[in-house]
Amino acid sequence: MIIAIDGPAGTGKSTIANIIAEKLKITFLNSGGFYRTLTMALLDAGIDIKDEVKVLEFCKKQKIEYTKESHFILNGTDVTAYLHDDRVTANTSQVSSIVEVRHLVNDLMRKITASLSIVCEGRDMTTVVFPNAEYKIYLDASADVRAKRRFDQGVSNMTLEEIRESIIKRDEMDKNKKEGSLKIAEDAIYIDTSDLTIDKVCEIILNKIS
């Protein structure tokens, strides 16, 4: 069984997908972590992320493993704790907009999940990566709400307004990607999480798939 969850940054996708996976006792797959891992590797290596040829060449050489604890292992090193650094967040959309990189990551995710029941989240899970998923969910929220949520997490050094502007810019990039752009699948269940608690969103989803 595949439960695919899409939506823009800051809608609670990761938290909600993780909770749903725990309640159903199946695997949680964080798709964005794959792109964040590659972005971090590119930045550490000093690769110009706008040079698509060099980016793809570099990414093909990286070995990414995903553990049952939802940790990302890059070339033998657990990098999970660094994937939400501001520098990574600011550049991930650029890296994930490269079509060939998306193909690379999508193939890796499909391979990892071939024999698993999973809950996966991202921005094109329901439309590109797992278009035949048994359940498709699209989570949404206003830019103001999403910015406040990230600000309250305390993982960013940016001001609330800077985070809001960053989210708006990222949304625009995600919606205009050549492939894997942010969109709502026709058969997806749409949920606006702006005024809902995490528990309430999980309750809605569990009721839909039970």
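## Helix packing, aromatic pairs and local details

The crossing of helix 1 and helix 9 is right-handed, where right-handed means that the near helix is turned clockwise from the far one by less than a right angle, and left-handed means anticlockwise. Please keep in mind that this is a predicted model, in which local features need pLDDT of at least 70 and side-chain atom pairs count only at pLDDT 80 or more, while totals for chains, interfaces and linings use all residues. Residues are numbered from 1 along each chain as its sequence is written, and side-chain values use heavy atoms, with hydrogens and water left out. Helices (H or I, at least four residues) and strands (E, at least two) are DSSP runs numbered from the N terminus.

**Helix 1 with helix 9**

- The axes of helix 1 (residues 13-24) and helix 9 (residues 198-209) come within 10 Å and cross at roughly 50°; axes are lines fitted to C-alpha atoms, for helices over the stretch in contact, and angles run from 0 to 180 degrees between N-to-C directions.
- That angle makes helix 1 oblique to helix 9, given that under 35 degrees counts as roughly parallel, over 145 as roughly antiparallel, 65 to 115 as roughly perpendicular and the rest as oblique.
- On the helix 1 side, Thr15, Ile16, Ile19, Ile20, Lys23 and Leu24 meet Ile198, Val201, Cys202, Ile205, Leu206 and Ile209 of helix 9, with contact meaning heavy atoms within 4.5 Å.
- The residues of this contact of helix 1 with helix 9 divide into 10 nonpolar, 1 polar and 1 charged (Ala, Val, Leu, Ile, Met, Phe, Trp, Tyr, Cys and Pro are nonpolar; Asp, Glu, Lys and Arg are charged; the others, Gly among them, are polar).

**Helix 4 with helix 8**

- Helix 4 (residues 86-96) and helix 8 (residues 160-175) pack at an angle of about 15°, and their axes are 9 Å apart.
- Helix 4 and helix 8 are therefore roughly parallel to each other, and their crossing is left-handed.
- Thr89, Ser93 and Gln94 in helix 4 meet Arg170, Met173 and Asp174 in helix 8; by class, this contact has 1 nonpolar, 3 polar and 2 charged residues.

**Aromatic rings**

- Rings of Phe, Tyr and Trp (its six-membered ring) pair if their centres lie within 6.5 Å, with planes under 30 degrees apart counted as stacked, over 60 as edge-to-face and the rest as tilted; the count comes to 4 aromatic pairs.
- Tyr138 and Tyr190 have ring centres 5.9 Å apart and planes at 10°, so this pair is stacked.
- Tyr138 lies in strand 7 (residues 135-140) and Tyr190 in strand 8 (residues 189-192), so the pair ties together parts that are 52 residues apart in sequence.
- Tyr138 is buried at 5% relative accessible area, whereas Tyr190 is partly exposed at 42% (buried is under 20%, exposed over 50%, partly exposed in between, with a 1.4 Å probe and protein chains only).
- Phe34, Tyr66 and Phe72 form one aromatic cluster.

**Residues with positive phi**

- Ser70 is not a glycine, yet has a positive phi of about 65°; Ser70 sits in the loop between strand 3 (64-66) and strand 4 (72-74) and is buried, with a relative accessible area of 18%.
- Asn75, also not a glycine, has a positive phi of about 50°; Asn75 is in the loop between strand 4 and strand 5 (77-78) and is partly exposed, at 43% relative accessible area.

**Thr127**

- Thr127 is found in helix 6 (residues 125-129) and counts as partly exposed at 25% relative accessibility.
- Beyond its neighbours within four places in sequence, Thr127 is in contact with Asp6, Lys183 and Ala185.
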